[in-house]
Amino acid sequence: MTSKRALVTGITGQDGSYLSEYLLENGYEVHGIIRRTSTFNTDRIDHIYEDPHNQTARLFLHYGDLTDGTTLRRILEEVQPVEIYNLGAQSHVRVSFDSPEYTVDAVGMGTLRLLEAIRDYQYRTGIQVRFYQAGSSEMFGKVVEVPQKETTPFYPRSPYACAKVYAHWQTINYRESYGLFACNGILFNHESPRRGQTFVTRKITHALARIVAGQQKKLYLGNLDAKRDWGYAKDYVKAMWLILQQDEPDDYVIATGETHSIREFLDIAFGYVNLDWQDYVKFDERYLRPAEVDLLIGDPAKARQKLGWEPSIDFRGLVHLMVEADLKALGLLPLARNLAIEDIATVRLAATAQ
Ligand code: NAP
Ligand code: F7E
């Protein structure tokens, strides 16, 4: 058994999958907590999963849930990790207004259950466990300072964000009360081709590819004026790891320092295939939130200085990367760029016929 053993909640999510890849590349044994579902939910990690009977296997999965404290304790005892990354969450802000109790249980109480389990485990064994809490820029909500940094006061505007604030302060509380090596990453929006399809960036790029392929005619969206600081998920999981490698536990904002509206995202995405998004995008009020977060822009100065962390890709590059991945998934790359939509359909037919 390697001494570099990590436990990841939310391993089947966007970040969990990239983080697991990164940890495996860096010699870790990775243990992930997955939820039992009636259909498979491991698509994002299937490519790194190996039969546990193989001597070479270094990724192991355990059934559990952040709402089930007994199981979390059992897994902690069994795995004996040196690092825990708490990425599990009902992470959709709009959905948190529909299911506030469940969201707060998984996000807020789930974090407390893990911290309590670690506290007892550390007290009993004397083994130090480093803990990473997946905090969110949503905690800044109705922002009181621009750009937002580690010291900016929180003003959460959704059940999800309120639960993340609770988890943030519990993480600090356990650090100060019991000497846990517990850290908060305050991560601004980060996206990728693995982003869930109900988040706005992926919803756009996925729909765009389907429009180009002739499989969809319209895209229904909510508020296009909100501004977000969007980075690339692969860069952000590296920051999580760096946070746990420091001499002292601390909290860090991870962001690009740039902000863009949904309209700008649409301009670049549809522009990639020479389409005007206004011809396709329609408004649907069901995608509005009872309270919106209008503007987020982070100041990553502390992360740059202390962690040596930098984003590797700019906004335009991120949008292109996501558009290309969705076009590719439908067999529309590299042929789609700079063609009229009628020509793309023809070229695609030709390409699939080859
Ligand atoms: P995601 O794609 O939605 O993944 C969430 C993960 O949590 C999935 O593996 C999901 O499992 C799991 N999960 C949900 N409910 C759970 C429960 N009750 N018990 C155990 N696991 C549960 O989210 P993400 O984008 O990777 O984000 C990772 C973390 O960072 C989340 O905590 C999120 O709130 C936070 N965050 C994300 C961003 C961002 O921009 N992506 C920014 C700041 C913070 P299933 O696959 O079974 O659903
Ligand atoms: O919305 C607007 C929406 O759902 C972004 C999560 O990872 O990042 C994410 O939360 C903006 C909002 O992400 C649609 O109103 C318009 O202003 O992609 P989103 P989010 O709410 O910023 C933070 C940092 C997290 O921590 C969260 O876990 O886009 N918007 N029309 C729309 N949003 C969605 N989802 N769908 C629409 O049709």
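Predicted model: local features only at pLDDT ≥ 70, side-chain atom pairs only at ≥ 80, totals over all residues.
Strands β6 and β11 run side by side in the parallel sense, joined over four bridges, where two strands are said to pair if DSSP finds at least two bridges between them. Both names follow a numbering from the N terminus, in which helices (H or I, at least four residues) and strands (E, at least two) are DSSP runs.

Residues are numbered from 1 along each chain as its sequence is written, chains are lettered from A and ligands numbered from 1 in the order in which they are written, and side-chain values use heavy atoms, with hydrogens and water left out.

**The parallel strands**

Strand β6 is mostly covered, for seven of its seven residues are buried, a word that here means under 20% relative accessible area, with exposed meaning over 50% and partly exposed lying in between (1.4 Å probe, protein chains only). In a regular strand the side chains alternate between the two faces of the sheet. In β6, Phe 181, Cys 183, Gly 185 and Leu 187 point one way, whereas Ala 182, Asn 184 and Ile 186 point the other way, and all of them are buried.

**Helix α8**

An α-helix has 3.6 residues a turn, so residues three or four places apart point the same way. In helix α8 (residues 262-272) the buried residues are Ile 262, Phe 265, Leu 266, Ile 268, Ala 269, Phe 270 and Tyr 272. These buried residues pack against several elements, namely α6 (200-212), β8 (219-221), β12 (260-261), β13 (281-283) and α10 (315-329).

**Residues in the loops**

Just after α8 comes Asn 274, which takes a positive phi of about 60° although it is not a glycine. Asn 274 belongs to the loop between α8 and β13. Gln 80 likewise is not a glycine and has a positive phi, of about 50°, and its place is in the loop between α2 (69-79) and β4.

| Residue | Relative accessibility | Class |
|---|---|---|
| Gln 80 | 40% | partly exposed |
| Asn 274 | 48% | partly exposed |
| Gln 90 | 13% | buried |

Gln 90 is found in the loop between β4 and α3 (93-98). Leaving aside its neighbours within four places in sequence, Gln 90 is in contact (heavy atoms within 4.5 Å) with Val 95, Ser 96, Tyr 102, Thr 103, Val 107 and Tyr 160. Another loop, the one between β5 and α5 (159-178), holds Pro 147, and a cis peptide bond, with omega about -5°, joins Val 146 to this proline.

**The protein overall**

There are 11 helices and 13 strands in the protein, and buried residues make up 51% of its 354 residues. The C-alpha trace spans about 65 × 50 × 40 Å along its principal axes. For 354 residues a compact globule would have a radius of gyration near 20 Å, and the 21 Å of the protein agrees with that; this radius is taken over C-alpha atoms, and the globule rule is 2.2 Å times the number of residues to the power 0.38. Among contacts between residues at least 6 apart in sequence, 78% join residues at least 24 apart. The protein exposes about 16,100 Å², of which carbon and sulfur atoms supply 48%, the areas coming from the Shrake-Rupley method with a 1.4 Å probe.
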